[in-house]
Amino acid sequence: MAEERKRRWGDRKDGYRVKLPGIQTIMGYILPKRTECEVYLHETIDATAVMAYLEEKNASHPEYKTTIFHCAVVALARMLMERPQMNYFVQGYHTYERKDISLAFVAKRRFADGADESMMMLKPKPTDTLDVISHKIYGDVREVRKHEHAEDGIDKTIDTITSLPSPLVWLIAKTVHILDFWGKCPDFLVEGNLNYASILLSNLGSIKCPAVYHHLNNYGTNSVMITLGTLHKEEMVMPDGHKEVRDVIDVGATIDERIGDGFYFARSLKLVKHIFEHPELLDQPLGEPSGFDYK
């Protein structure tokens with residue numbers, strides 16, 4: 001999370017302009033579209049420790065289940081706090097550090113073909129722990145599923161716009177795209193919009209699908225898209241060389257390469273893996289350092 005500071009010339013209302021090395025700066029001009037700069041990462045994360053942790057945690061409150069998706073959200077939120085460059089975005093030819101941390105995902109109102117979807121945005125605080133975030137996600141999803149259709153927020157705004165005649169929708173979309181490019185989009189189109197999230201997360205495991213590589217969008221400021229696959233058993237080679245069947249989850253990530261380099265991305269992913277291997281970190285406030293050695 002960017003430290004609050006006085007707005008300077010070149011800043012946007014949602015981000016502080018940052019100075020990067022020449023090679024990264026020029027990429028914003030010669031490759032202005034985010035979809036031209038996608039890099040893909042795939043990782044299989046050992047979830048054995050976190051599943052044992054969840055079994056013990058959920059035994060104390062069987063009426064409510066903390067899930068591996070909740071753990072992933074917390075791990076990624078901590079990663080964003082400790083690895084601030086992962087919270088950068090490029091728009092209007094320049095690079096910015098986002099002013100806050102946000103994770104977004106889509107919730108189905110019903111598990112049925114044709115059922116409406118709703119955008120959901122979470123903005124974790126440094127004092128938050130897994131329990132706080134888990135209850136927040138659970139409550140928000142439960143509230144969304146009380147209704148068949150959106151009743152307010154960005155979902156309702158989009159429904160209203162798309163109900164207009166096609167030429168008018170086209171004109172509005174073009175205007176919004178221009179405003180977005182220069183950071184002038186009105187708040188009612190940005191607040192709660194997953195295209196403006198630090199990380200857009202898709203829990204494909206909830207519908208029994210594997211992790212995939214999902215494209216980024218040129219609209220908005222989202223620079224990191226992550227999908228989580230189905231939890232499954234897989235034989236892994238342990239540090240001492242022996243083989244063992246473990247609980248694992250596949251992760252697919254698509255990242256705008258203009259915000260960092262492969263070395264920075266790889267280290268950031270190592271932190272997420274470390275949290276899954278040491279789930280006690282999930283109970284610590286996000287603002288407390290993890291103590292992870294990045295060597």
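Reader: What does the chain contain, in helices and strands?

Author: The chain has eight helices and ten strands. Remember that the model is predicted.

Reader: How much of the chain is buried?

Author: Buried residues make up 47% of the 295 in the chain.

Reader: Which share of the contacts joins residues at least 24 apart?

Author: Take contacts in the chain between residues at least 6 apart in sequence. Of these, 70% join residues at least 24 apart.

Reader: How do I read a helix? What should α3 span?

Author: Start with the general idea. An α-helix has 3.6 residues a turn, so residues three or four places apart point the same way. Now the case here. Helix α3 runs over residues 68-82, which is 15 residues. At 1.5 Å a residue, α3 should span 21 Å. Its end C-alpha atoms are 21 Å apart, so expectation and model agree.

Reader: Is α3 enclosed or open to the outside?

Author: Count its buried residues. In α3, 14 of the 15 are buried, so the helix is largely enclosed by the rest of the structure.

Reader: On to sheets. In which order do the strands of the open sheet stand?

Author: In general, strands of a sheet pair through backbone hydrogen bonds, either parallel or antiparallel. Here three strands form an open sheet, ordered β1-β4-β3, with antiparallel pairing.

Reader: Why is one side of β1 and of β3 left without a neighbour?

Author: β1 (15-17) and β3 (88-91) are at the edges of the sheet. Each has a single partner strand, so one side of each has no neighbour in the sheet. Neighbouring strands of this sheet are turned by 40° against each other on average, direction ignored.

Reader: How many bridges join β1 and β4?

Author: Three bridges, in the antiparallel sense, pair β1 with β4 (residues 94-98). To find one in the model, look at R17: its bridge partner in β4 is Y96.

Reader: Now charges. How many salt bridges are there?

Author: The count is 13. A pair qualifies when a Lys or Arg side-chain nitrogen is within 4 Å of an Asp or Glu carboxyl oxygen. Take R246 and D46: their closest N and O atoms are 2.9 Å apart. R246 is in strand β10 (residues 243-256) and D46 is in strand β2 (residues 38-46), so the pair links distant parts of the chain, 200 residues apart.

Reader: Are R246 and D46 buried or exposed?

Author: Use the cut-off: buried means under 20% relative accessible area. R246 has 16%, so it counts as buried. D46 has 10%, so it is buried as well.

Reader: Which parts does the pair D283 and K57 tie together?

Author: Their side chains meet in a salt bridge at 3.6 Å, N to O. D283 lies in the segment after α8 (262-277) and K57 in helix α2 (residues 48-59), so the pair ties together parts 226 residues apart in sequence. D283 is partly exposed at 37%, whereas K57 is buried at 14%.

Reader: Where do D100 and K123 lie?

Author: D100 lies in the loop between β4 and β5 (103-108), and K123 in the loop between β6 (117-122) and α4 (130-144). Their salt bridge has its closest N and O atoms 3.3 Å apart. Both ends count as partly exposed: D100 at 26%, K123 at 38%.

Reader: Which residues do shared partners join into one network?

Author: R34, D256 and R258. Salt bridges that share partners connect them.

How values were computed. Residues are numbered from 1 along each chain as its sequence is written. This is a predicted model: local features need pLDDT of at least 70, side-chain atom pairs count only at pLDDT 80 or more; totals for chains, interfaces and linings use all residues. Side-chain values use heavy atoms; hydrogens and water are left out. Helices (H or I, at least four residues) and strands (E, at least two) are DSSP runs, numbered from the N terminus. Buried means under 20% relative accessible area, exposed over 50%, partly exposed in between (1.4 Å probe, protein chains only). Contact means heavy atoms within 4.5 Å. The expected span of a helix is 1.5 Å times one less than its number of residues. Two strands pair if DSSP finds at least two bridges between them. Axes are lines fitted to C-alpha atoms, for helices over the stretch in contact, and angles run from 0 to 180 degrees between N-to-C directions.
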